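Have the structure open as you read.

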Amino acid sequence: MIVAVDEIGNSGIDRAEGIAAEALDETLREAGESDWRAAGEATFEARFDKVAGKILMRARALVRLQTDCKRCLVAMPIELPFEFTVQFSSKPARVEVDARPSSEPKRLRDEVGTGASFDLSAPDEEFFDGKAIDTAEVFREQLLLNLPMGLVCRDDCKGLCPVCGEQLNQRECGCDRRPMDPRWEALRSIKLPPTES
Ligand SMILES: [Zn+2]
Ligand SMILES: [Zn+2]
């Protein structure tokens with residue numbers, strides 16, 4: 001969503017929007033998150049307040065996604081709610097600090113000032129042009145930050161049989177899946193002389 005600063009009165013403003021599944025899929029694809037697909041429209045609600053010359057955004061999102069169980073590869077739907085707060089400051093004259101050669105940033109950063117409000121790496125501080133806030137980028141960052149890793153369909157998911165690929169949650173295939181003891185594995189390569197009879 002795009003919110004003009006002029007829209008935010010002294011008492012703040014609440015805004016909400018839906019984010020289409022196609023847009024979510026594009027975000028996930030561009031970020032290389034190939035394990036995830038959108039499973040529907042996401043909802044995004046935000047409150048904007050003017051605080052000490054900056055814009056404070058408190059946001060809440062609910063994203064519906066689909067991913068595969070890491071063990072058995074079954075597709076499963078995930079509801080991912082997350083909340084975040086971002087403080088938007090008007091862009092200072094120089095913000096190209098991170099684009100300078102590696103020997104430069106320290107000095108330039110010191111010129112700009114080392115106060116916390118100028119720490120470009122702080123996730124909760126963003127710059128904008130002073131006129132309108134576009135929430136797309138912070139939403140994207142927060143979505144990617146909140147994607148869980150290594151999800152399984154259930155804690156005791158048995159996964160796939162490493163021998164035949166059977167879904168072990170559904171059927172026990174009966175394959176011998178005992179790992180070979182490495183000490184016996186070594187013995188197998190030794191050729192024994194024929195036993196005397
Ligand atoms: Zn599973
Ligand atoms: Zn099997």
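A disulfide is a pair of cysteine sulfur atoms within 2.5 Å; by this rule, the count here is zero. This is a predicted model, in which local features need pLDDT of at least 70, side-chain atom pairs count only at pLDDT 80 or more, and totals for chains, interfaces and linings use all residues. Residues are numbered from 1 along each chain as its sequence is written, and side-chain values use heavy atoms, leaving out hydrogens and water.

**The zinc site**
- C161, C164, C173 and C175 each give an SG atom to the zinc ion (ligand 2), at 2.2 to 2.3 Å; donors are N, O and S atoms within 2.8 Å of the metal (3.2 Å for Na, K and Ca), and water is not among the atoms, so sites may look incomplete.
- Along the chain, these donors follow the spacing C-x2-C-x8-C-x1-C.
- The site is tetrahedral, with angles of 107 to 112° among its four donor atoms; four donors count as tetrahedral if all angles lie between 85 and 135 degrees.

**Salt bridges**
- A salt bridge is a side-chain nitrogen of Lys or Arg within 4 Å of a carboxyl oxygen of Asp or Glu, and the count comes to 13.
- D49 and R47 form one of them (3.1 Å, N to O), and a network of salt bridges links D14, R47, D49 and R58.
- D176 and R178 also pair in a salt bridge, at 3.2 Å, N to O.

**Buried or exposed**
- Buried means under 20% relative accessible area, exposed over 50%, and partly exposed in between (1.4 Å probe, protein chains only).
- D49 is buried because its relative accessibility is 11%, whereas R178, at 67%, is exposed.

Note on methods:
Chains lettered and ligands numbered in written order. Tetrahedral: all angles 85-135°; square planar, octahedral: opposite > 155°, others 65-115°.
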